[in-house]
Amino acid sequence: MTMNYVPLDKDKHKDLKVKLSNNFTHAKGAHLAAASIREFAQLASCMPIVFITDPKTESTHAVVVLGLEQGVNLFLKDEKWLGHAVPLNIVRYPFDVRPDGDKLGVFIDENCELVGDKEGEPLFTDKGEPSPYLENRQQLLSELANSEMATQDFIKKITELNLLDNVALNAKYANGQTRNINGMQTINESRLKELSDETILELNKTGYLGAIYAVLMSLGQLNRIIQLTSDDENPVAALRLQVEKPETEKEAEPA
């Protein structure tokens, strides 16, 4: 069913309830999920963190890799989440925080199967005030919005420092087939080591240095992706990140 996010309204949605669920089936078709800087340390111990650039807006975002095929989330099987960490962008559903006029507002997916007026946690009290459940969700959304702004500041900084490389994910399957997955970026550790002591100190004070190393450490979770395909008809045998050379370097190569 297509998602239909609408602004949460205390009059229109006064009787609305949300059934609690931890199976995250709404993310079944998500092979990528947005990741915010406050989550990097936790997510890095479970799944790879990379960066992608939206070709339409040219804005870069941090995401976790949940699968290798579009529409396939390897961390969700038989309505059960297989990781010990879940991205907040998945946890916050069926709510979202989006621009509403000249400010940010809370939105809800009216088409979500967890949303109705029969059973679940009420969103508003009899007096029309946010219920304890909704207050908890609002707090989560507020923290997520603030963290996403901090993530953009982080990405801006590492971009200014020329730390991002375009990379391809080379997948080799059990039957011998190979496939390249492009469109990702990661941090170049060699250029990181070449930064001045002053710059490293600045990154450390802002908390960015820890975030950088969390991203680098997360790449070890490519082995987790391999493991999650073990029951597939054609499982992945090996995954490797390969830096893509800039076009100028490609042109300079001898024929």
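Predicted model: local features only at pLDDT ≥ 70, side-chain atom pairs only at ≥ 80, totals over all residues.
Local features rest on pLDDT of at least 70 and side-chain atom pairs on pLDDT 80 or more, while totals for chains, interfaces and linings use all residues. Residues are numbered from 1 along each chain as its sequence is written, and side-chain values use heavy atoms, with hydrogens and water left out.

Start with helix H3, residues 132-160. Helices here are DSSP runs of H or I with at least four residues, strands are E runs of at least two, and both are numbered from the N terminus. H3 has 29 residues. From its first C-alpha to its last it reaches 42 Å, close to the 42 Å expected at 1.5 Å a residue. That expected span is 1.5 Å times one less than the number of residues. After H3 comes Asn 162, with a positive phi near 60°.

H3 packs on helix H6, residues 208-218. The angle is about 85° and the axes are 11 Å apart. Axes are lines fitted to C-alpha atoms, for helices over the stretch in contact, and angles run from 0 to 180 degrees between N-to-C directions. H3 and H6 are therefore roughly perpendicular, a term that covers 65 to 115 degrees. On the H3 side, Ala 150, Asp 153, Phe 154, Lys 157 and Ile 158 meet Tyr 208, Ala 211 and Ile 212 of H6. Contact means heavy atoms within 4.5 Å. By class, this contact has six nonpolar, no polar and two charged residues. Ala, Val, Leu, Ile, Met, Phe, Trp, Tyr, Cys and Pro count as nonpolar, Asp, Glu, Lys and Arg as charged, and the others, Gly among them, as polar.

H6 also packs on helix H5, residues 197-206. Here the angle is about 90° and the axes are 5 Å apart. That makes H5 roughly perpendicular to H6. Ile 200, Leu 203, Asn 204 and Thr 206 of H5 touch Tyr 208, Leu 209 and Ile 212 of H6. This contact has five nonpolar, two polar and no charged residues.

Now the rings. The structure holds seven aromatic pairs; rings of Phe, Tyr and Trp (its six-membered ring) pair if their centres lie within 6.5 Å. One of them joins Phe 40 and Phe 154, edge-to-face (planes over 60 degrees apart). The centres are 5.9 Å apart, with 70° between the planes. Phe 40 lies in helix H1 (residues 40-43) and Phe 154 in H3, so the pair ties together parts 114 residues apart in sequence.

Last, the sheet. Three strands form an open, antiparallel sheet in the order E10-E2-E11. Strands pair if DSSP finds at least two bridges between them. E10 (115-116) and E11 (121-122) are the edge strands. Two bridges join E2 (residues 17-18) to E11. Val 18 stands opposite Glu 121 in E11.

Conventions
Parallel < 35°, antiparallel > 145°, perpendicular 65-115°, else oblique. Phe/Tyr/Trp six-rings, centres within 6.5 Å; stacked < 30°, edge-to-face > 60°.
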